[in-house]
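Visitor: Could you walk me through this one? I would like to know what can be read from it and where to be careful.
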Amino acid sequence: MTVQINGHSMRLVCSVMTLMVFAWITPASRADITFGEPDFYAECTPAHFPTRARLFDMDGDGKNDLVLPGRDPLNILNWCSINTDGSAGPMQTVAVDGQVDDAVAADIDGDGAAELTLVIRSYSGRLQVLRRAASGLMVSSAIIPLDREPRSIAKGDFDGDGDIDFAVSCYASEHIAILLNGGTGNFTVSQRIRVDAWSGGVPGPQDVLAGDLNGDGRTDLVVGCMGTRRFDIFFGQAGGSFRAPISWLTPEFPNINKPAVVTFDIGDVDGDGDIDILAPLLSTGAGQPVVIFRNDGAGGFASAVKVGEVSGGYHWGALLADFDGDGDLDAVTSTVLTGNILVWRNDSTAAGLAFAAPISLEYSSFARHFLAVNIDGDCDLDLIEADISGHFALGYRNLQDCGGGAFTATKQPRVKSERTVLATDYALGDSPACVIARQLAGFGADLGALPAAASLVPPPACGPSGGGGRCDEVHANPGCFTTPCCDAVCSVAPDCCIVTWEEVCVDLASTECDGLVCPSYGPCNEVHPDPGCEDPDCCARVTPLDGYCDGATWDWVCVARAAALCGLPPCTITVPAGARANDEACYLHTNDGPNRLGAVSQLLAGHTVAGSCTTGSPRDTDWYTLGGGTGSRVVRLTLDAEFPAELHLMRGPMNGPFETHSIWFGGRCAPMVQNITLTGGPWYAVVTLGMDVGPIRSGQPCTEPDPANPPSPDEPPVLPGFDGTNYWIRHECPSCPPNADLNQDGFVNGADLGILLGEFGVLHPHIGDLNFDGVVNGADLGLLLGLWSQTETL
């Protein structure tokens, strides 16, 4: 397997990892964990890239089989039996509805028999339920529509009604979908909770795991976010709903800069009775840290302890299991480029966490997922890994001396594969480790060719009125439906618009029409498989704002965006007099909070700030601190924007616990006003582009050239988006001490007096109303004079 990362080409070969020196001393009473050669070998079908290793009785014989969900362009699921001697049976397949990234076994309909629910990774994601037929084999029985590119599923009784519910991480939708079970396997999406919704870049929710993190008896969720380097904690509530996330940033260590979250596992690592997080973090430095996020008993993870570090390769896999039978959880991690599996014995005591130096297993590829299972019938757990680049599963026998039966399977040759992963430049504020993590997460068969677009030559040849058919299908009439695609093809082959739309026209459309989808077949107010929609103006309004609507499929999100935006003209806000300019060049992102160095601007009570937000790489997010304090106060936030806007209210230190308190949606020159009671802090108001159906990351570009990186003379000028980029936000706090430093220079003096007198007598002013009674008058003048020459502290 050849991989390019940051310009370096590397081939995966069998190797022994170079390990960092460990300071721990192995207690004499602790037995080593020892695994044999990987004698269990299950080779997948050639095009199958296994993403997980799961257990389920596929053939109805009462024994668990090994199920290998995977990215497979042929849309098949691989599985094999586990023989009594610990060997793998022949690989078998089941035709499924798409590429399967995960699977979970659970009795979802209450009939006493478990079903297998598959996560179909697709532009239009979905769950597929396999039930046992009379023949004993598993067959498809239900498709549950979901959102964009689901990747992981967790189960639990979220609402306490006795049946199994699901939580699914939807990577491209940037949220966790909560599906409540009606009792017979009829699921309803009850919540879509955005993950790190404040992020300028894509947060990348990859894996979701379920457990009671705070000991309240309800199921909670842990989500790993590769794009923001965070673990998001979703606490369960009565009725099966979940609170907005509280996030924890991965720490940095000496020579380890901004490590990314990849896979993880949860369990009681330190033996104190609560659930901790095992996180092998991915670093672009010399070391790959293994970190335990220790639970404080209430679901807080401020204590992040590095228990080990390896050099060479990039971290990926994670598993917790008791391999030595001493009652505590040992750890397994993997690296890729160069590949290895590391087994870490847990030597923790009451004095603290400690892991022995790891043992290295023979390995030659990319272990994407692990499974702890007794495959040879003795008394200990063995290890199976799903190798996504090698197209196989390997099993390692645990050699603990516990009187088990002999393991007699014959070792089989393993096939190495070649695969290239290309690195891309990372966006402003993004971590290089996050870029590599996302590349590795996307390894394997891609989602397939984009759904065919239905598709400026004047009519009648081109466009909906031209009589032509789809641009991707041969038809007798000249021209095709999608006007710009038709124009592009006919500029190369004029006969396509004069004689007939033949095969050569279809071939040209496949190469010349990327991104040319407006208009396309399908109403703008209905879901349909092709990108774009038939109203050219509405299509052109929505597609620049959402790459899925432009290049993948017209899903429910595109329909919602069309309903909210199409037919409305651009608007212009009036910035209140006295508003302070944000003075942020759109190409600098100087106050993007945790997206970039934690920088924020101050928004004092009684003040208004005018700014602008644009999309790009990443989208702009403007962060304003509202201060803190020990008491409670009621504040009023007012936001007016020319673009579809999100207003986030965040609380806490940015490295965690960082809480999403609220998200409000508005903009388009319709001011939103929110009254909130704030306690403690710090508190932040965040302004960015988005809608209730998801963020807006494109279509509203920064048109100012960056002097440090000027465009080349050959580049065309950047055209502005449909909407304007301006906004203003105001912070009022009637219960706060008066803030008379109106120009924010740190003093109350004649300059502030001049501002106040300029607003004297004004009703509902935007500055100078120090007591928030709706008018600037003598009472405000008295307050200002009483604070004369004092340095502001608010």
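Guide: One term comes up throughout, so here it is: a residue is called buried under 20% relative accessible area, exposed over 50% and partly exposed in between, using a 1.4 Å probe and protein chains only. This is a predicted model, in which local features need pLDDT of at least 70 and side-chain atom pairs count only at pLDDT 80 or more, while totals for chains, interfaces and linings use all residues. Residues are numbered from 1 along each chain as its sequence is written, and side-chain values use heavy atoms, with hydrogens and water left out.

Visitor: What is the mean pLDDT of the protein chain?
Guide: The mean is 87, and 89% of the residues reach 70 or more, pLDDT being the predictor's confidence in each residue, from 0 to 100. Over residues 1-28, however, the pLDDT is below 50, although this stretch has 90 contacts in the model beyond near neighbours in sequence, a contact meaning heavy atoms within 4.5 Å. Where pLDDT is low, the predicted coordinates should not be read in detail.

Visitor: OK, and how many helices and strands are there?
Guide: The protein chain has eight helices and 44 strands, taken as DSSP runs (H or I, at least four residues, for helices; E, at least two, for strands) and numbered from the N terminus.

Visitor: Switching to charges, how many salt bridges does the count come to?
Guide: The count comes to 30, where a salt bridge is a side-chain nitrogen of Lys or Arg within 4 Å of a carboxyl oxygen of Asp or Glu.

Visitor: Which side chains does Asp723 meet in salt bridges?
Guide: Asp723 meets Arg541 at 2.8 Å, N to O. That pair links distant parts of the chain, since Asp723 lies in the loop between strand 43 (694-695) and strand 44 (726-732) and Arg541 in helix 4 (residues 536-542), 182 residues apart. Asp723 also meets Arg668, at 2.6 Å, N to O; Arg668 sits in the loop between strand 40 (658-667) and strand 41 (672-679), 55 residues from Asp723.

Visitor: One more, where is Thr608 found?
Guide: Thr608 is found in strand 36 (residues 607-612), and it is buried, with a relative accessible area of 3%. The C-alpha atoms of Thr608 and Pro576, which are 32 residues apart along the chain, are separated by 7.8 Å.
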